Amino acid sequence: MSFEKFKLDEKIMGGVVAAGYKKPTPIQAESIPSIMEGKDVMGLAQTGTGKTAAFVLPILQRLMKGQRGHIRALIIAPTRELSEQTHEAIQQLGRKTGLCSTSIYGGVSINTQINRLRSRVDIVSACPGRLLDHIGRGTLDLSHVEVLVLDEADHMFDMGFLPDVRRIVKHLPAHRQTLLFSATMPGEIRSLSDDLLIDPVHIEIGNTAPVMTVSHSFYPVQMEQKTALLKDILEKTDTQSVLVFTRTKSRAKSLAEQLNRIGHKVTSLHGNLTQQKRKQSLDGFRDGRYEVMIATDIAARGIDVTRISHVINYD
Ligand code: AMP
């Protein structure tokens, strides 16, 4: 199957070609036709499956027609990184369309966002808290939203965002298309989906097991030996980029300091950092300036870094 089958606008196809996508991933092949028909879709898929483009491409296609300069598509995601990543995917795939997108999340100046929202914006990719803040201040108008995407819905639930999401939805037109993506389907997500989606098409991609090319090792170890073991593993293993998960922010910070002291190029990613710092960390890890990134599970969820050779779950 090729992207031609979707009959996307040639300007969007230009973005697909520029992004280097040769053929649709399974979730794209299955969901793009239904989304383009305007149906609600509930997609059971993890990050890494190409789900972002699966909803971004049909959204761009829809927005090519109609008036520009109103928020007509809203994507809600649990973390700033995910929200920013989606915004970047829209910019990449929609680069030739002239459609404007912005991302909205906490930890950065709200005034810059307000100014950006005053200029013409067609697509907003947002985290729930800051979005509600804007709604409260009346600094964004959601009355023209035609498509709502709830991305990584299970993570939003884990992070306690579902009440916020329900609050936000009250500000959207009832007549709209709703797409929900989640890697797992706990009862709460099912009931959210029952409440928000109308007669959805269900799409489930693959099983949730890691791919066959990933090998696993488990080291039973006492707490006080963990750091020494980690240092040893890093020293003796041929690694490219290593992502280390810790359970807490303070552990991420102290572990990063310890590895730094013995000469590793290391950065960390957790909720105590400013957004600028988080971006610096992630960019540096992506382009290889840092060989190790220590992150809290929550902060690093859903991040897309292609160079990663090893993932270490410290806790
Ligand atoms: P996602 O699951 O949306 O986070 O996407 C994971 C990665 O796959 C991203 O780096 C995308 O740019 C990439 N990707 C998405 N669709 C395709 C495709 N059809 N062909 C190749 N790469 C893709």
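User: How many cavities of 30 Å³ or more does a search of the whole structure find?
Analyst: The search turns up 1 cavity of that size. A cavity here is a set of points, on a 1 Å grid over the protein atoms alone, where a 1.4 Å probe fits but cannot get out. One caution: this is a predicted model, where local features need pLDDT of at least 70 and side-chain atom pairs count only at pLDDT 80 or more, while totals for chains, interfaces and linings use all residues. Residues are numbered from 1 along each chain as its sequence is written, and side-chain values use heavy atoms, with hydrogens and water left out.

User: How much space lies in the largest cavity?
Analyst: About 110 Å³. That volume is the space filled by probe spheres set on the grid points, which are joined across faces, edges and corners.

User: And which elements give two or more residues to its lining?
Analyst: Lining residues have an atom within 4 Å of a cavity point, and they include Glu 81, Tyr 105 and Arg 286. Helix H4 (80-93) and helix H12 (275-286) are the elements that give two or more. H12 gives the most, with 6 residues. Helices are DSSP runs of H or I with at least four residues, strands are E runs of at least two, and both are numbered from the N terminus.

User: What classes of residue make up that lining?
Analyst: There are 2 nonpolar, 2 polar and 7 charged residues. Asp, Glu, Lys and Arg count as charged; Ala, Val, Leu, Ile, Met, Phe, Trp, Tyr, Cys and Pro as nonpolar; the others, Gly among them, as polar.

User: OK, switching to the ligand. How many residues surround it?
Analyst: 13 residues do, and the closest are Tyr 21, Gln 28, Gly 48, Thr 52 and Asp 304.

User: What lies 2.7 Å from a nitrogen atom of the ligand?
Analyst: A polar side-chain atom of Gln 28. On the backbone side, an N or O atom of Gly 50 lies 2.8 Å from a ligand oxygen atom, and one of Lys 51 lies 3.3 Å from a ligand oxygen atom.

Note on methods:
Near = heavy atom within 4 Å. Polar contact = N/O pair within 3.5 Å; in protein donor to acceptor, adjacent residues only side chain to side chain. 1 Å grid on protein atoms, 1.4 Å probe; cavity = no way out; pocket = protein on both sides within 12 Å on 5 of 7 lines; lining within 4 Å.
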